[in-house]
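I opened my notebook to this chain and worked through it one look-up at a time.

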Amino acid sequence: MLSMVEYVHRRILDYKDIYTAIDFTMGRGSDTVFLMHHAKEVLSFDIQPIAIDITRKKIGDAKHVQLILDSHENFDHYITSFDVGIFNLGYLPQGDKSITTTKTTSLEAIKKAVKLMNKALFIVCYSGHEEGEKEAGAIEDYACQLDHLAYNVSIYKMLNKGKAPFVIEIQKR
């Protein structure tokens, strides 16, 4: 079975002609590096300078990738639309686990992203920690209420592992 991130990456390959992609939660740069190979322009956001440093080493001199030290809810200050986006919520792997994404800022960013996306948005939710559980519940509630005539919304989840990460995909129709 695919990990949640592997699943997201495979799903993104189904979308053709990706001009602009956004990694809303840069972390250690895995999604940024993946998007860099499949989009003409990539914007990647994180609030931690260490995430920028780690990712910069991975992307090398790629001119079509912008690493931005800012919170994901401010992405609309940098761009007016995008094709594909990824939120990989939680905390920086092998980093300070007290610095996490939050229900408030993530939900604000996702609501803006849904309005500005051209193709699809992927949200990897981690409910294994207290803030992640609140965040995942709020995002799932929001996604369930999206207009079915405008969006297809699906979930990829391991049903036999309680509190395991899961993916919400929001596709523009």
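**Entry 1: a salt bridge in a helix.** I looked up glutamate 130 and found that it forms a salt bridge with lysine 134, the closest N and O atoms being 3.7 Å apart. For the term, I take a side-chain nitrogen of Lys or Arg within 4 Å of a carboxyl oxygen of Asp or Glu. Both residues lie in helix 5 (residues 130–144), 4 residues apart, about one turn of the helix. Here helices (H or I, at least four residues) and strands (E, at least two) are DSSP runs, numbered from the N terminus.

Next I checked how open the two ends are, where buried means under 20% relative accessible area, exposed over 50%, and partly exposed in between (1.4 Å probe, protein chains only). Glutamate 130 is exposed at 61% relative accessible area, and lysine 134 is partly exposed at 43%.

A note on what I am reading: this is a predicted model, in which local features need pLDDT of at least 70 and side-chain atom pairs count only at pLDDT 80 or more, while totals for chains, interfaces and linings use all residues. Residues are numbered from 1 along each chain as its sequence is written, and side-chain values use heavy atoms, with hydrogens and water left out.

**Entry 2: the other salt bridges.** How many salt bridges does the rule give? I noted 6 salt bridges. One of them joins the side chains of arginine 11 and aspartate 14, at 2.5 Å from N to O. Arginine 11 also has a salt bridge with glutamate 169, with 2.7 Å between the closest N and O atoms. That pair links distant parts of the chain, since glutamate 169 sits in strand 7 (residues 166–172) and arginine 11 in helix 1 (residues 4–12), 158 residues apart. Is glutamate 169 buried or exposed? I found it buried, with a relative accessible area of 4%.

**Entry 3: tyrosine 7.** I stayed with helix 1, where tyrosine 7 lies. Tyrosine 7 counts as buried, at 17% relative accessibility. Leaving aside neighbours within four places in sequence, I found tyrosine 7 in contact with Leu2, Tyr156, Val167 and Glu169; contact means heavy atoms within 4.5 Å. Tyrosine 7 and valine 167 are 160 residues apart along the chain, and their C-alpha atoms are separated by 8.5 Å.

Entry 4: In what order do the strands come? I read an open sheet of 7 strands, in the order 3-2-1-4-5-7-6, with mixed pairing. Strand 3 and strand 6 stand at the edges with a single partner strand each, so one side of each has no neighbour in the sheet. Neighbouring strands are turned by 15 degrees against each other on average, direction ignored. Two strands pair if DSSP finds at least two bridges between them.

Strand 7 pairs with strand 5 in the antiparallel sense over 6 bridges, and with strand 6 in the antiparallel sense over 7 bridges. Valine 167 in strand 7 stands opposite valine 124 and is also the bridge partner of tyrosine 156. Strand 7 is mostly covered, with 5 of its 7 residues buried.

Serine 44 has leucine 67 in strand 3 as its bridge partner.

**Entry 5: helix 3.** Helix 3 lies across strand 2 and strand 3, running at about 165 degrees to strand 3. For such angles, axes are lines fitted to C-alpha atoms, for helices over the stretch in contact, and angles run from 0 to 180 degrees between N-to-C directions. In helix 3 (residues 49–59), the buried residues are Ala51, Ile52, Ile54, Thr55 and Ile59. They pack against helix 2 (30–36), strand 2 (41–46) and strand 3 (65–69). Just after helix 3, I spotted glycine 60 with a positive phi of about 65 degrees.

**Entry 6: helix 4.** Which residues of helix 4 are buried? I listed Ser106, Leu107, Ala109, Ile110, Ala113 and Val114. On the other side of helix 4, Thr104 and Lys115 are exposed. The buried residues of helix 4 pack against strand 4 (82–88), strand 5 (117–125), helix 5, strand 6 (151–157) and strand 7.
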